[in-house]
Amino acid sequence: MHASRDSTLMHWMETATKTLRFLVAIIETAFDPETILLSGGFPESVLSALVERAYPLLPSLSATRDRELPRLTTATLLTDGPVIGGMTLPVFVNTKPDFRHLYIRQVGSDERPFDHR
């Protein structure tokens, strides 16, 4: 679809890049990262085109500092990347007691959902 410049995909990409510009500014303002990596299940050509279309990025606090890396670039997602990320959630939830509001169900006591064996 991307190689043939499908009109539906091109319209979606135009809308997506507008949103991406705002997201980059929000992430940079909140976290001040060295760079933001865009990755996912899309073909590399689509991801690269999204990044290219997103420039020039909106101003942010992070945009004003000297940097060696681009503000936004693509990354290759390993096929098992989402699985590895998902496997870290129980560790994250059980080691960060301040994040109880992230639980799917309300916990009425200090009991953690993964404490049951």
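Helices (H or I, at least four residues) and strands (E, at least two) are DSSP runs, numbered from the N terminus. This is a predicted model, in which local features need pLDDT of at least 70 and side-chain atom pairs count only at pLDDT 80 or more, while totals for chains, interfaces and linings use all residues. Residues are numbered from 1 along each chain as its sequence is written, and side-chain values use heavy atoms, with hydrogens and water left out.

**The chain as a whole**

- The protein chain holds four helices and two strands, and from the N terminus on its elements run α-β-α-β-α-α.
- Of the 117 residues in the protein chain, 23% are buried; buried means under 20% relative accessible area, exposed over 50%, and partly exposed in between (1.4 Å probe, protein chains only).
- Among contacts in the protein chain between residues at least 6 apart in sequence, 64% join residues at least 24 apart, where contact means heavy atoms within 4.5 Å.

**Where α1 meets α2**

- Helix α1 (residues 7–31) and helix α2 (residues 44–54) have axes that come within 9 Å and cross at roughly 55 degrees. Such axes are lines fitted to C-alpha atoms, for helices over the stretch in contact, and angles run from 0 to 180 degrees between N-to-C directions.
- α1 and α2 are therefore oblique to each other: angles under 35 degrees count as roughly parallel, over 145 as roughly antiparallel, 65 to 115 as roughly perpendicular and the rest as oblique.
- The crossing of α1 and α2 is right-handed, a label used if the near helix is turned clockwise from the far one by less than a right angle, with anticlockwise giving left-handed.
- On the α1 side the contact is made by M10, W12, M13, E14, A16, T17, L20 and R21, and on the α2 side by V46, A49, L50, R53 and A54.
- The residues of this contact divide into nine nonpolar, one polar and three charged. Here Ala, Val, Leu, Ile, Met, Phe, Trp, Tyr, Cys and Pro count as nonpolar, Asp, Glu, Lys and Arg as charged, and the others, Gly among them, as polar.

- T17, in helix α1, is buried, with a relative accessible area of 0%.
- Not counting residues up to four places away in sequence, T17 touches L50, R53 and A54.
- A54 belongs to helix α2 and counts as buried at 0% relative accessibility.
- With residues up to four places away in sequence left aside, A54 touches T17, L20, R21 and L72.

**An aromatic pair**

- Rings of Phe, Tyr and Trp (its six-membered ring) pair if their centres lie within 6.5 Å; planes under 30 degrees apart count as stacked, over 60 as edge-to-face and the rest as tilted.
- By this rule there is one aromatic pair.
- W12 and F42 form a tilted pair, 5.3 Å centre to centre with 40 degrees between the planes.
- W12 lies in helix α1 and F42 in the loop between β1 (36–38) and α2, so the pair ties together parts that are 30 residues apart in sequence.
- W12 is partly exposed at 37% relative accessible area, and F42 is partly exposed at 42%.

**Backbone details**

- A cis peptide bond joins Y55 and P56, with omega about 0 degrees; P56 is in the loop between α2 and β2 (72–74).
- R5, in the segment before α1, has a positive phi of about 55 degrees although it is not a glycine.
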